[in-house]
Amino acid sequence: MNLPTNMFSGSPLNRLSWLRTSHPFLNAIIVSPKTRWAVFNSGQPLVYANSNLVHEQSLAFLSTSDVRPFLGPEPFFGQGKEEGELVVESPETQHSPTEAARHHSSPIIFLGLKENSKSNALPSSDFVDPEAAIANLDGVPYFSIDIFELGLTDERIKEILDASSAAQDGQTLSWSEPRILMSGLDSFSGGVFAEARSMVDWNQRNKFCPGCGSTTYSMWGGWKISCSSLLPWADNAGRKPCITSKGLHNFTHPRTDPVVIMIAIDESGDKILLGRGKKFPGKFYSALAGFIEPGETFEDAVAREMWEEAGVTVWDIRYHSGQPWPYPANLMVGFYARADSTQPIRVDLDNELVDARWYTRAEIRTVLRHPSGGKFGKAEYKKMAESVEDRTAETKMVQIEFKNDDPPFRLPPVTAIAGVLIRDWVEGKIGFSTEDTSKQPALRNNL
């Protein structure tokens, strides 16, 4: 079975993860004329926007010279106590608190290398050590930064962007709501965007050490956060050593939070269960979803969420595909399962849905054939983003005015895995044999 490569998937860069600890390598490639940057401002990506149409926006990639005013003093990595000071690591040193350390100015994320040659599969023997990596670099390095905490005025930011080579070439640069952007991304830009946005968000959110409360700083090209009490020049008089001084701690490295997202298919194979969440724009129905909880498998979470959100018991749970979801750092894990459409539907258990109902293949196909049936416009994305950010969204419906020629309901776009699941079912790519209607008592009786 060939699994689909969903939007944000594909991991298009050679991440060269074994070189993240090397500040000689990072400091060398960051100034390369080939290097390109994905720039964010409080999570909003910088885009080329030469029209007001959402689908004509694309992720902007700037050169190092374009973003140089955002980067702070050199050295960019391996910074010493004072600005401009470079830490010299011993070749024998491993896991030093100064490995590719960056504690002056905002974190910088090394995303990876877009290789020119397909032959350099991971791991590549051409990149065994930093010097060999620089000599054999055959491609475009990518970095990312979020400029929000630099304290620059809007006027200064505009001045820097207006002076960029992209602006000088006639490109219009602007900041985009991140969910709006996904409808205009190609597969490469989507993969880079997903990695970059999740990483800049993680670095922004973790300013203090969970072990002792000290401030943190960036290491390993943005891929590790360390406690400032571990720096060789830190004043720790009268303090107990931070617990991060020994052992491996999962909060010092980036995390991805898995979410199951699924459709239930009835025993006839001709109906699927969809729901409308309180944060969704009116008439918008989608697959059900929920976070994995401790002590659960993916299948356990599918069964639990279907029951909690819609009061429906499912069995014969099958994996479809996954999708990175950088809002801020989730992995959507797609499933479909079998259910009995004669079961009563309940949305009063966890009260996350306004409505849930079974739709026939003919009903879904009618909506998909409508020009706006499976599309989200700028207004819809903006409303959804506002409802997610609004802490009162649980008790507030998002209202959007629809025209008389709109479809009876809306479905998610194909750039979201929910849209892929629904379309694959309509097209007969996923489903169950109608001859096998056996139920799995273990899954059904546990709920």
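This is a predicted model: local features need pLDDT of at least 70, side-chain atom pairs count only at pLDDT 80 or more; totals for chains, interfaces and linings use all residues.
**Entry 1: a pocket**

I started with the second largest pocket, which holds about 480 Å³ of space. My note on terms: on a 1 Å grid over the protein atoms alone, a pocket is an open set of points where a 1.4 Å probe fits, with protein on both sides within 12 Å along at least five of seven lines, and lining residues have an atom within 4 Å of a point. The volume is the space filled by probe spheres set on the points, and grid points are joined across faces, edges and corners. Rolling a probe the size of a water molecule over the atoms shows where empty space is left.

Residues are numbered from 1 along each chain as its sequence is written, and side-chain values use heavy atoms, with hydrogens and water left out.

Which residues of the lining are closest to the centre of the second largest pocket? I found Ala194, Ser198, Arg255, Thr256 and Ala329, out of 26 lining residues. Then I looked up which elements they belong to. α7 (187–205), β13 (314–325) and β14 (330–339) each put at least two residues into the lining of this second largest pocket, and α7 gives the most, with eight. Helices (H or I, at least four residues) and strands (E, at least two) are DSSP runs, numbered from the N terminus.

I also sorted the lining of the second largest pocket by class: 13 nonpolar, seven polar and six charged residues. For this count, Ala, Val, Leu, Ile, Met, Phe, Trp, Tyr, Cys and Pro are nonpolar, Asp, Glu, Lys and Arg are charged, and the others, Gly among them, are polar.

**Entry 2: the whole chain**

I counted 12 helices and 15 strands in the protein. Of its 447 residues, 51% count as buried; buried means under 20% relative accessible area, exposed over 50%, and partly exposed in between (1.4 Å probe, protein chains only). Among contacts with a separation of 6 or more, 73% are between residues 24 or more positions apart, where contact means heavy atoms within 4.5 Å.

**Entry 3: confidence**

I checked pLDDT, the predictor's confidence in each residue, from 0 to 100. The mean for the protein is 87, and 85% of its residues reach 70 or more. Where does pLDDT stay under 50? Residues 387–402 do this, and the model has 26 contacts for them beyond four places in sequence. Residues 441–447 are also below 50, with 13 contacts in the model beyond near neighbours in sequence.

**Entry 4: cores**

In soluble globular proteins, nonpolar side chains tend to be buried together. A nonpolar core here is a set of buried Ala, Val, Leu, Ile, Met, Phe, Trp, Tyr and Cys residues joined through side-chain atoms within 4.5 Å. The largest one has 56 residues, and those with the most contacts inside it are Phe8, Phe193, Ile263, Ile272, Leu274, Ile364 and Trp425. α7 supplies the largest share of this core, eight residues. Apart from it I found another core, of 31 residues, including Phe25, Leu71, Ile145 and Ile157.

I picked Ile364 and listed what it touches, leaving out residues up to four places away in sequence: Ile272, Leu274, Tyr359, Phe409, Leu411, Ile422, Trp425 and Val426.

**Entry 5: single residues**

Arg15 sits in the segment before α1 (23–30) and is partly exposed, at 29% relative accessibility. Arg15 and Phe110 are 95 residues apart in sequence, yet 8.1 Å apart in space, C-alpha to C-alpha. Beyond four places in sequence, Arg15 is in contact with Arg20, Phe110, Leu111, Gly112, Glu195 and Trp223.

Is Thr415 buried or exposed? Thr415 counts as buried, because its relative accessibility is 15%. I found Thr415 in the loop between α10 (378–389) and α11 (417–426). Thr415 touches Met7, Met182 and Gln323, not counting residues up to four places away in sequence.

**Entry 6: backbone**

I noted a cis peptide bond joining Glu74 and Pro75, with omega about 0°; Pro75 lies in the loop between α2 (64–67) and β5 (108–115). A cis peptide bond also joins Tyr327 and Pro328, with omega about 5°, and Pro328 is in the loop between β13 and β14.

Ser11 is not a glycine, but its phi is positive, near 40°. Ser11 is in the segment before α1. Asn351, in the loop between β14 and β15 (353–360), has a positive phi near 55°, and is partly exposed at 42% relative accessible area.
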